[in-house]
Amino acid sequence: MGQLTDHAWQKEFEQPIYAQWKADKRYAFNTSSKRKIFSIDTPPPYVNTPVHIGQATTYVLMDFFARFHRMLGEEVLFPLGLDRNGLPIEMAAEKRFNIKLNDVSREEFIGKCYEVLDESSAASTESFLRLGISFNSWNVGTGIGDVYETDSADYRSLTQDTFIDLYQKGLIYEDERVNNYCPGCQTTLADAEVEYEERPGHFYDIVFTCKETGEQIIISTTRPELICSLGMIIFNPEDTRYQKLAGKTAISPLYHKEVPIRAHPSAEMDKGTGIMMMCSFGDLTDIRFFREESLQPLIAINKEGKMNEHAGFLAGLSVAEARKVMVQKLDEEGLLARKTPAKAHRTPVCERSKDPIEFIAMKEFYVKQVECKEKMKALAHQLHVFHESSRQILLDWIQSVSIDWPITRRRYYATEVPLWYCNSCSKAIVPPKGKYYQPWKEDPPVKKCACGSASFRGETRVFDTWFDSSISPLYILKYSRNDAFFRKSAPCTLRPQGKEIVRTWLYYTLLKCYLLTGKLIFRDAWINYHIVDEKGHKMSKSKGNVIDPKAALDKFGAEPFRLWAAIEGNLEQGDFRCSFERIEGAQKTLSKLWNVARFVSLFPEAKKATLQEADQWIIRELHEIAAFAREHYAQYDFHNPATRLKHFVWETFASHYLELVKSRAYNRDAKFTKAEQDAALFTLHYCLDTLLKLLAPIIPLITAKIYYELRNKDIHAEQFPKPAVKAETEITADDIINLNSEIWKSKKSQGKSLKSEIASLTIPKKLKGIAKDLQAMHQVKEMRYGERVEIVV
RNA sequence: GGGCCCAUGGUCUAGCGGUUAUGACGCCACCUUCACAAGGUGGAGGCCAGGAGUUCGAAUCUCCUUGGGCCCACCA
């Protein structure tokens, strides 16, 4: 049994502790363990951007879960994943080397992606290590619990296996249809990847002519460059202004194309001029309209986001340029009646590149999702979430699914679609599972097609990054790689993730794992809210209000940050605010805890003696908190227990119990018996141990150091505390706090020091059991018992 | 357009039909108290956004207003 020699907790104490954990692989997953498995499907962060404070906070919270469940005696699977696939990496490479996808060869482009990845490798994991996160491993590998990279051959081959499975089950099909298309990224996008932004725009009032009567028709549009693809002119059936045009023909300006004019409820009377042109395709409504009206769409925009031959004189121009040229030309011809700014024009844009979405027909692979909407809703109801609003986000999204999931992308740095095609009969060659394939540069696994041809071409498309990400629980539980382990560990215990990717990561994972295994892949889903700045606004690079977790770590170390995360992280509360001031507040609590421990360590441990009533009281208080913590930790609520524990450290334990038993513990004048003193010594140590264990999941570094120096053992290998001592008393914390406060106030109001003597003190009979402690604490000469408290100085 | 959440001393926050309305930071006064001045003790500061209602009784329940924040859908 040791003593704490340092006078305060220093952030410099942290580094050797986590370095030791890393060095001796303290939290490695034990594959031969018979324990119950608690598995966490951690969200793999992108490696090319530094860890931001929101991620840092959520990983810290996950670490609470992991450490708590370890102390419950469970085998915790808590792997670190690193996302290295897809558009974000490609875009970083394009920016870094100032190239575009099609400027260079595929091999060269992939090489550039590797360069970006190499430069950004260790930076993010460093922050996690410093935060004291207890990942199973810090080394990249393919074992259970190892750090995994989503672009590894192992991960990609599992992604390809899942494609092969779904393809052979008939759950994936290829079709050519109009879809969201990002001209900047040059790829098809799923609805989940589209977001809306307020973009300034204009209404252009353009002059059309009625063929039959020759009169002018003024039509408002925000997309004049699409006039070439005009299909129909419509007005609202209720609109008397245009009734006379019904059934007539309109002639488009410049292109002189004749199209029918009809009444249709899609046109709103009070928008623009009340009469609208339907072109293919300005937005999804247009697509629906063309389909419903069986109009032949005319695609005027090509894959590069430029106008094609159908646009006539606009051919070769980008959409934005075409709009400018078109407006200018209309104006010259006297066909532009008016130009007015359109306020709050919401434009669909690519969530990554922010380019406006165009709608282009392309041949892509689709995963069937529309037909299993009801099943997905049922799974959503089955999933255990911690706030109904989380489930609602998921249900809303499932409800809004209207087309199947396009999974192929025309990019390079992602998992390749594992297919080859026979050059003679066009039949698709599906390779066997279990290997990573790159068909664009490899030969197929067969020599000859069934038709006899030996000439093949490899598929060049790759998968949507969510097609990769959605197998993360399967990957970490070794689906299709270690069947015994998968059977034992599935379903994954917990999916922790942000609310903003419910419609992508959570939804696609549930969908894909259901299609593959027929089951719900998670028991619990913990949807965390956002860390916002101190004013309550979302942090974003553009706003410049981002707090770098490294700065917090440099300034305070991990422990104040972790304690802050526990105390502020109220699940019920929604978004939570971050400021250095509040982290600093947590630091003081650590200092208090350290000094409480140092005080206790001044005394030798004692065998349990007959507990005095004060001892019974503090132990009962602590047991109540322990039971509360056990129950709430299991529900992923660390906020409420942390708040109570903090209060216990400062108030109940330090200010009241310690003061109360100080004299008995020192026993300098031998006023107390040896047994009475031992009871105090026992209680001090028992309470400290229990308190440290309750706090260990939250602040693992300081508790580990104190426990190691005092007990020479690893606190994280201990069991989560259960009441080990019987403690019963009528006395409540309020009784003691109120009495002490009254005595202090009385002394103070009479200008006496707190050490001054009290001639006589009358206390309620109920408190008789702590009378001796009170007498020593407050320097009371004579103790009396009565109905109310009386203090005679 | 549809829906959701929030509003409590200067700031943040607890509160879930009856409390002298909680705590933290900040502020003021006093204390070199033997674990801790990164501490202790005491104090000032709020008609609980506004209005109406339900109730014996409302910060708490209902409705409206205002001010913040968020989600979904859609637009010529």
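Contact here means heavy atoms within 4.5 Å, and the legends below use the word in that sense. The model is predicted, so that local features need pLDDT of at least 70 and side-chain atom pairs count only at pLDDT 80 or more, while totals for chains, interfaces and linings use all residues. Residues are numbered from 1 along each chain as its sequence is written, and side-chain values use heavy atoms, with hydrogens and water left out.

View 1. S137 is placed in the loop between α5 (123-130) and β4 (148-149), where helices (H or I, at least four residues) and strands (E, at least two) are DSSP runs numbered from the N terminus. With a relative accessible area of 11%, S137 is buried, a term that stands for under 20% relative accessible area, against over 50% for exposed and partly exposed in between, with a 1.4 Å probe and protein chains only. Setting aside neighbours within four places in sequence, S137 is in contact with G145, D146 and V147. The side chain of S137 also reaches the backbone nitrogen of N139 at 2.9 Å.

View 2. Three strands form an open sheet in the order β27-β26-β28, with mixed pairing; two strands pair if DSSP finds at least two bridges between them. Because β27 (780-785) and β28 (790-792) stand at the edges with a single partner strand each, one side of each is left without a neighbour in the sheet. The twist averages 15° from one strand to the next, the axes being lines fitted to C-alpha atoms, for helices over the stretch in contact, with angles from 0 to 180 degrees between N-to-C directions. Strand β26 (residues 758-763) pairs with β28 in the antiparallel sense over 3 bridges, and T762 stands opposite E790 in β28. Helix α22 (residues 733-749) packs on the sheet, touching β26 and β28, and its direction makes about 150° with that of β26. Helix α23 (residues 771-778) lies across β26 and β27 and runs at about 145° to β27.

**View 3. The open sheet β15-β23-β22.** This open sheet of 3 strands has the order β15-β23-β22 and parallel pairing. Since β15 (384-385) and β22 (492-498) are at the edges, each with a single partner strand, one side of each is left without a neighbour in the sheet. Strand β23 (residues 522-528) pairs with β15 in the parallel sense over 2 bridges, and D524 in β23 is the bridge partner of H384. Helix α2 (residues 53-71) lies across β22 and β23, running at about 140° to β23.

**View 4. Aromatic pairs.** Rings of Phe, Tyr and Trp (its six-membered ring) pair if their centres lie within 6.5 Å, and planes under 30 degrees apart count as stacked, over 60 as edge-to-face and the rest as tilted; by this rule the count comes to 46 aromatic pairs. One of them, F109 with Y412, is edge-to-face, at 5.7 Å centre to centre and with 75° between the planes. This pair links distant parts of the chain, 303 residues apart, with F109 in helix α4 (residues 106-119) and Y412 in the loop between β17 (408-409) and β18 (420-422). Both F109 and Y412 are buried. The rings of F648 and F653 have centres 5.6 Å apart and planes at 15°, so this pair is stacked.

Definitions and conventions. Chains lettered and ligands numbered in written order. Polar contact = N/O pair within 3.5 Å; in protein donor to acceptor, adjacent residues only side chain to side chain.
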